[in-house]
Amino acid sequence: MSHAITRLPDEQIAPLIAHYDAAVRARRRHTLIVFGVIAVCIVLAAWMGEVKPSVFFAHADRLPNYFWSITPVLHWDTLGADLSEWYWNLDHWLKLLVDTIMIAYLGTLIGAIGGFCLCFLASANLVKSPFIRLAARRFLEFCRTVPELVFALLFVVAFGLGPLPGVLALAIHTMGALGKLFAEVVENIDMKPVEGATASGASWLTTVRFAVVPQVLSNFASYGLLRFEINVREASIMGFVGAGGIGQDLVEAIRKFYYSDVSAILLLIIAAVMIIDLVTEQVRHRLLGFGAQR
Amino acid sequence: AQDWKAKYPELVFAIIPAENASGVTERFQPLMDYLSKQLGTKVTLRIANDYAAVIEGQRAGNIHIASYGPSSFARALMTGAKIDAFAIEVNLDGTKGYHSVLYVKADSPYKSIEDLKGKNLCLVDPNSTSGNNVPRFALNKMGLKPDEFFGKVVYAGSHENAVIAVQQGTCDAAFNWWNDEQESNLKRMERKGMAKYDDFRIIYKSDLIVNSPYAYLSDMPSDLKAKIRDAFFSIQQNDKGAFDKIYEGKQQPWQPIDNEAYVQIIELNKFVDDLRKKKN
Amino acid sequence: MSRARIHLSGAERARLAAAHPHLVSPPAGTRVRTGAVIAVLAGLAAFGFWQLGFNFSRLGSGIAQLAHFVTLMMPPDPGTQLPLYMHALGETLAIAFLGTLGGAVIAFPFGFLAAKNVIPNIFAHFAVRRVLDTVRGVDQLIWALIYVTVVGLGPFAGILAIATASFAELGKLFSEAVEALDRKPVEGVVSTGGSPVEAVRFGMLPQVLPVLASQLLYYFESNARQSTIVGIVGAGGLGLHLAEQIRVLEWQKVSFLILMMLIMVAVIDFISSRLRFAIIGKSRIG
Amino acid sequence: MLVIEGLTRRFGDKEAVSNVNLAIGQGAFVGVIGRSGAGKSTLLRMVNRLQDPSSGRISFDGRDVTALKGHALRQWRAEAAMIFQQFNLVGRLDVLTNVLMGRLATVPAWRALTKSWSADDRAIALSALDQFDIAPLAAQRADSLSGGQQQRVAIARALAQEPALILADEPIASLDPRNTKIVMDALLRINKHFGITVLCNLHSLDLARTYCDRLVGMAQGRVVFDGAPAALTEQVAHDLYGLEAGEVMDMPARRPVAANDGIPEAAALA
Amino acid sequence: MLVIEGLTRRFGDKEAVSNVNLAIGQGAFVGVIGRSGAGKSTLLRMVNRLQDPSSGRISFDGRDVTALKGHALRQWRAEAAMIFQQFNLVGRLDVLTNVLMGRLATVPAWRALTKSWSADDRAIALSALDQFDIAPLAAQRADSLSGGQQQRVAIARALAQEPALILADEPIASLDPRNTKIVMDALLRINKHFGITVLCNLHSLDLARTYCDRLVGMAQGRVVFDGAPAALTEQVAHDLYGLEAGEVMDMPARRPVAANDGIPEAAALA
Ligand SMILES: Nc1ncnc2c1ncn2[C@@H]1O[C@H](COP(=O)(O)OP(=O)(O)OP(=O)(O)O)[C@@H](O)[C@H]1O
Ligand SMILES: Nc1ncnc2c1ncn2[C@@H]1O[C@H](COP(=O)(O)OP(=O)(O)OP(=O)(O)O)[C@@H](O)[C@H]1O
Ligand SMILES: [Mg+2]
Ligand SMILES: [Mg+2]
């Protein structure tokens with residue numbers, strides 16, 4: 001009993017295959033066109049961007065050089081002394097690291113609250129009025145398009161030096177970026193609960209509160225956490241407005257070629273990124289109910 | 001003897017836009033065309049926003065000629081880049097440098113640095129020659145420890161920010177760059193409607209800081225280097241337009257220079273480097 | 001007219017209260033938890049304000065200053081530099097495009113390698129994630145410097161630096177998308193005798209592709225906006241001009257450049273939402 | 001008394017519901033039957049005002065429902081409780097909160113937004129759950145329940161609205177036979193106990209015959225049958241469904257006679 | 001001949017399946033019944049080796065299935081085709097490709113990964129679809145089909161595996177009554193026509209009685225009943241489900257006697 005299927009005679013198969021192939025061919029043509037366009041874009045961009053792979057491969061051996069040069073020499077027998085020499089400024093750097101994280105935290109928090117409030121107004125499935133929706137969308141777009149640099153500069157002039165302009169600039173950018181992502185999440189929700197709430201007489205606000213927020217909260221949190229990590233790194237470029245943070249010291253070390261400082265600070269930042277990644281991964285998995293999924 | 005042409009089919013000329021420069025591409029392109037013609041090799045202009053990139057590029061031999069700020073050139077020498085300064089910018093009055101000045105508000109009572117004890121001081125950023133290194137060096141010479149003498153020492157982030165900080169009262173005094181009565185950061189801010197020149201008063205002016213040099217790789221063939229120098233110093237005769245385009249008539253022709261002239265700046269950098277580990 | 005009024009007698013109330021005490025009287029548990037989370041978030045914020053030495057007194061007077069600044073920006077005007085800016089725009093787009101694409105191509109396999117449901121081995125998972133963390137943790141300026149030593153100044157170095165940065169971020173995002181996949185189709189493929197590679201190819205790939213595509217498009221947009229790395233290593237993208245014009249206080253040019261970026265992003269946004277829709281396709285359910 | 005006059009709804013060119021006239025008395029259990037696409041859901045959704053009519057009028061106890069707006073509309077929706085095929089619960093909220101959502105129209109906004117329900121509302125929600133034997137599940141997440149339990153939660157939510165009318169849109173289509181019985185019994189109980197009108201879309205003729213006092217048959221947006229279940233002959237069913245009557249009836253009660261009969265394609269095979 | 005000896009599977013402390021012994025002859029249609037959580041799914045998944053047994057042995061025609069690995073394991077999975085409650089199709093792939101998944105175990109990897117299926121494989125897949133009247137849908141995306149159609153695609157995929165054994169895990173639980181009939185008839189047809197053994201988890205006793213030759217009842221991981229459908233008395237059903245027998249049976253044929261009987265809580269309500 002080897003066969004579980006009675007094969008149709010070829011005459012009968014042929015038209016079925018033909019029909020299938022015709023349908024697939026249309027789709028494939030579509031795909032080919034897309035790939036064709038992408039290929040053309042690549043060629044154009046490579047020309048514009050002066051891409052020379054041969055140069056890259058000819059000198060690829062220089063890739064690790066920088067890392068070699070910043071690696072300090074540690075001797076086993078004087079390890080303690082060498083380490084404390086390497087991390088001579090640890091207290092200060094740790095304080096800067098905390099500053100950086102706080103700047104990122106405040107920026108993320110304020111931005112996320114703003115994005116949270118605006119994203120519902122920007123969602124096509126919740127707001128019928130195209131005017132409100134477009135206004136919200138354009139505003140979010142504006143917030144994330146104008147570079148942080150510009151905002152930071154304006155705020156420095158307005159609010160004076162210190163971390164405030166940095167935090168505000170980060171917050172505005174975060175609001176724009178998160179607002180867009182949040183709105184996309186909201187547009188992908190299951191509308192059945194929304195209908196359920198509406199049908200029982202809930203107002204717009206309560207519908208959002210009960211039928212939408214519970215559905216999106218975990219996604220929002222995971223986007224927010226991701227943004228936090230990005231902002232921790234971004235907060236470093238806020239240094240130029242006097243916002244301080246570890247990034248400023250790192251850039252100074254790079255520019256003044258204090259090699260051992262570069263590696264010391266770099267390791268601190270990498271450690272911070274790893275810790276944040278580990279923590280956010282845990283939180284995300286808990287939110288996704290990853291453990292429960294079997 | 002021109003076998004270097006095979007080895008250098010293209011020369012890269014790197015520029016870091018100075019603090020007060022705009023339209024760098026437009027202004028330097030004629031110079032590239034001129035050099036290409038004079039050297040018979042294509043000279044490509046690259047503008048980098050960070051001199052660390054230029055220094056690394058020169059160390060790797062990817063950048064053949066570069067213009068530097070004085071401090072960053074000194075830094076390049078200190079990190080072992082094999083480069084030689086060969087030309088220096090000259091001001092209209094024939095001097096070859098600029099100054100770091102200390103501004104206070106015109107209506108404030110401060111007359112000298114001593115009056116500023118316990119007040120807030122704005123520096124520019126830790127990398128700025130006129131906005132940080134020279135001031136610290138000078139204060140040190142006066143026997144003052146900035147972090148003890150002043151109430152607070154703040155990095156403003158840019159020369160403009162430093163001026164604004166004084167205007168707003170965040171700082172009582174700020175260091176800034178200053179060429180002469182005609183050209184300084186404050187003058188430029190006045191032209192843009194951001195500050196009034198007469199609102200401020202200078203209470204200290206530093207020694208001359210040597211102007212920016214042009215430097216090339218030491219390992220290049222000597223006849224190539226000679227050709228480059230020739231091209232630079234004969235530009236006034238061969239292509240005055242190209243030169244004027246760069247400085248808009250605010251500078252005299254380049255003059256020869258060598259690394260010797262920057263020893264003092266290297267000293268300055270070393271002084272600042274030493275400060276760092278003592279500071280905390 | 002009758003409505004289904006639910007009148008509860010005292011006895012009935014008492015019975016319910018006795019049977020479900022934790023429900024009739026407000027449940028403290030979740031409320032306390034929510035309250036605690038909010039308190040912690042707010043407390044951290046307060047600590048942040050204190051740690052950073054915030055000065056709120058300026059907030060009010062600053063707004064007026066801000067308005068003055070905005071007037072300096074009006075109207076947007078490129079001066080004589082429009083052609084230059086257009087060229088910069090093209091360069092920015094080219095760099096962002098290749099950088100994002102290059103990063104995504106490398107990130108693609110990592111997305112699977114770093115996903116727990118593809119490589120269940122904890123050590124492998126841990127190692128791959130930490131590699132991505134490290135690459136993300138190394139400052140962009142450093143990547144830029146490294147590529148300058150390899151390929152010299154120019155847009156190519158910018159592309160490589162952007163590709164590296166995008167690789168690490170997209171790798172993380174991809175892996176999270178893969179972890180959030182629906183397990184059922186994968187099981188369907190395995191149950192027919194498909195190999196693990198085939199399970200990934202047929203069970204996972206079609207599911208993640210739309211998600212990856214939308215993240216890719218978002219990164220393209222974001223890379224086009226942030227051309228800091230590009231400026232550092234000597235490609236004259238829009239960001240470089242912007243920084244320059246800010247430095248020389250040409251506010252009208254600044255606002256013109258911002259306007260250009262706004263339009264660029266709006267166009268990218270429009271095209272990418274079209275593309276995303278085409279990739280996701282119209283699925284009729286129910 | 002629910003009165004529907006000349007009710008029509010167009011989607012583009014298509015009339016999903018055309019010129020429906022119905023008068024439904026207090027306390028009736030009315031089944032709406034018909035093929036897929038006949039317009040059953042659209043009819044019910046218009047009564048709750050989830051969809052607006054293109055023309056026509058709905059009135060309830062003399063009040064014009066079609067003209068309502070804002071607060072009054074929300075009050076009406078609370079009165080006309082809707083039960084959906086897919087339950088339309090919020091899966092991530094607990095069962096009690098889902099039921100409490102039935103009270104939203106009567107609760108001040110600040111209370112709702114902060115979830116500080118009054119003790120009264122809680123007691124009502126809990127007693128609604130208790131009536132369907134699922135009060136012990138009150139603290140669980142709604143999506144952790146089985147289909148039948150979820151639908152009972154949805155009915156409890158409807159009950160918490162203290163409705164004057166229940167609109168049930170194929171409430172048992174996603175349920176297995178056992179849960180079907182539980183849910184239909186629950187609806188019947190509400191109908192009899194409170195004397196509340198129930199308007200219920202059903203796919204299954206057998207069920208409609210079992211539970212309803214009156215059947216309304218729809219085809220292509222029109223009402224083509226309106227009468228007691230007994231009046232629904234095989235012939236009418238045939239017209240309604242345009243199919244062999246046997247096909248619309250539910251599962252066969254016995255095993256297909258001979259296996260081979262079950263394979264009409266057998267001839268085409270090998 | 002499928003032989004299961006002492007099969008046990010533990011999750012943590014819990015024995016989902018404990019010491020199950022069964023011998024199932026060629027061509028049987030066996031229904032596995034039992035409450036939710038009884039271990040039905042786990043049993044079937046172990047046979048396909050989607051889950052590994054904690055102890056015990058499964059053998060098929062003398063071959064030890066429990067010991068298989070790598071290529072041989074994949075071959076076995078192809079032989080023991082699985083049909084899932086949620087269909088487990090790849091929604092974004094077209095129907096034909098989904099059916100071709102059934103050929104993966106016999107197709108060289110490069111062919112599969114590049115989707116260059118041989119003409120033979122395509123013909124087989126199309127024939128399988130054609131048997132369930134859905135060959136014209138071959139080019140559509142799987143997630144654009146209705147539930148009943150999707151389950152038929154899943155069965156076609158199983159057939160394309162040319163299996164010796166079909167394992168169906170509640171194949172009709174997400175389907176409406178009409179599609180239920182279509183799908184169960186399809187399984188029956190395969191069973192009778194090709195003589196392929198079918199092992200099918202079912203919730204509904206009526207269905208199990210209608211279609212199966214033999215029923216296996218499970219409770220708390222153990223087999224508590226094994227015999228012909230006729231031997232399944234009300235009493236056994238009671239034991240199996242731990243409930244009133246009436247409750248596990250399907251829909252009542254007639255209307256509940258008196259509505260008030262359905263409202264035991266009536267007294268408690270005002
Ligand atoms: N929002 C809508 N937009 C366009 N057409 C719609 C919409 N809602 C319903 N229709 C169409 O109106 C007709 C009636 O739909 P309706 O859902 O009321 O039918 P139904 O009797 O409930 O069918 P089913 O048994 O499938 O639920 C159908 O042809 C449907 O395609
Ligand atoms: N991967 C797993 N991890 C932990 N426990 C599991 C796992 N799979 C099954 N179980 C547990 O094993 C028991 C048997 O589950 P199984 O899914 O086999 O039951 P079932 O008879 O198929 O029930 P249902 O009718 O609900 O599908 C249940 O208590 C279940 O919670
Ligand atoms: Mg409907
Ligand atoms: Mg199961």
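## Which chains touch

Chains B and D share no contact (heavy atoms within 4.5 Å), and their closest C-alpha atoms sit 43 Å apart. Chain B doesn't touch chain E either, with the nearest C-alpha atoms again given as 43 Å apart. Eight pairs of chains are in contact, and the pair sharing the most contacts is A and C.

Bear in mind that this is a predicted model: local features need pLDDT of at least 70, side-chain atom pairs count only at pLDDT 80 or more, and totals for chains, interfaces and linings use all residues. Residues are numbered from 1 along each chain as its sequence is written, chains are lettered from A and ligands numbered from 1 in the order in which they are written, and side-chain values use heavy atoms, leaving out hydrogens and water.

## Chain C overall

Chain C has 13 helices and zero strands, where helices (H or I, at least four residues) and strands (E, at least two) are DSSP runs numbered from the N terminus. Of its 286 residues, 56% count as buried, meaning under 20% relative accessible area with a 1.4 Å probe, protein chains only.

Take the contacts in chain C between residues at least 6 apart in sequence: 77% of them join residues at least 24 apart. The accessible surface of chain C is about 11600 Å², with 73% of that belonging to carbon and sulfur atoms; areas come from the Shrake-Rupley method with a 1.4 Å probe.

## Two helices in chain C

Helix α6 (residues 122-137) and helix α8 (residues 155-179) of chain C pack at about 145°, axes 8 Å apart. Axes here are lines fitted to C-alpha atoms over the stretch in contact, and angles run from 0 to 180 degrees between N-to-C directions. The α6(C)/α8(C) crossing is left-handed (near helix turned anticlockwise from the far one by less than a right angle; clockwise would be right-handed).

On the α6(C) side, the contact residues include C:His125, C:Arg129 and C:Leu132, while α8(C) brings in C:Phe167, C:Lys172 and C:Glu179, among others. By class, the contact splits into four nonpolar, four polar and six charged residues. Nonpolar covers Ala, Val, Leu, Ile, Met, Phe, Trp, Tyr, Cys and Pro; charged covers Asp, Glu, Lys and Arg; the others, Gly among them, are polar.

## Two helices in chain B

In chain B, helix α2 (residues 24-39) packs on helix α9 (residues 222-233) at about 130°, with axes 10 Å apart.

B:Tyr34, B:Leu35, B:Gln38 and B:Leu39 of α2(B) meet B:Lys227, B:Ile228, B:Ala231 and B:Phe232 of α9(B). That makes six nonpolar, one polar and one charged residues.

Terms used: Buried means under 20% relative accessible area, exposed over 50%, partly exposed in between (1.4 Å probe, protein chains only).
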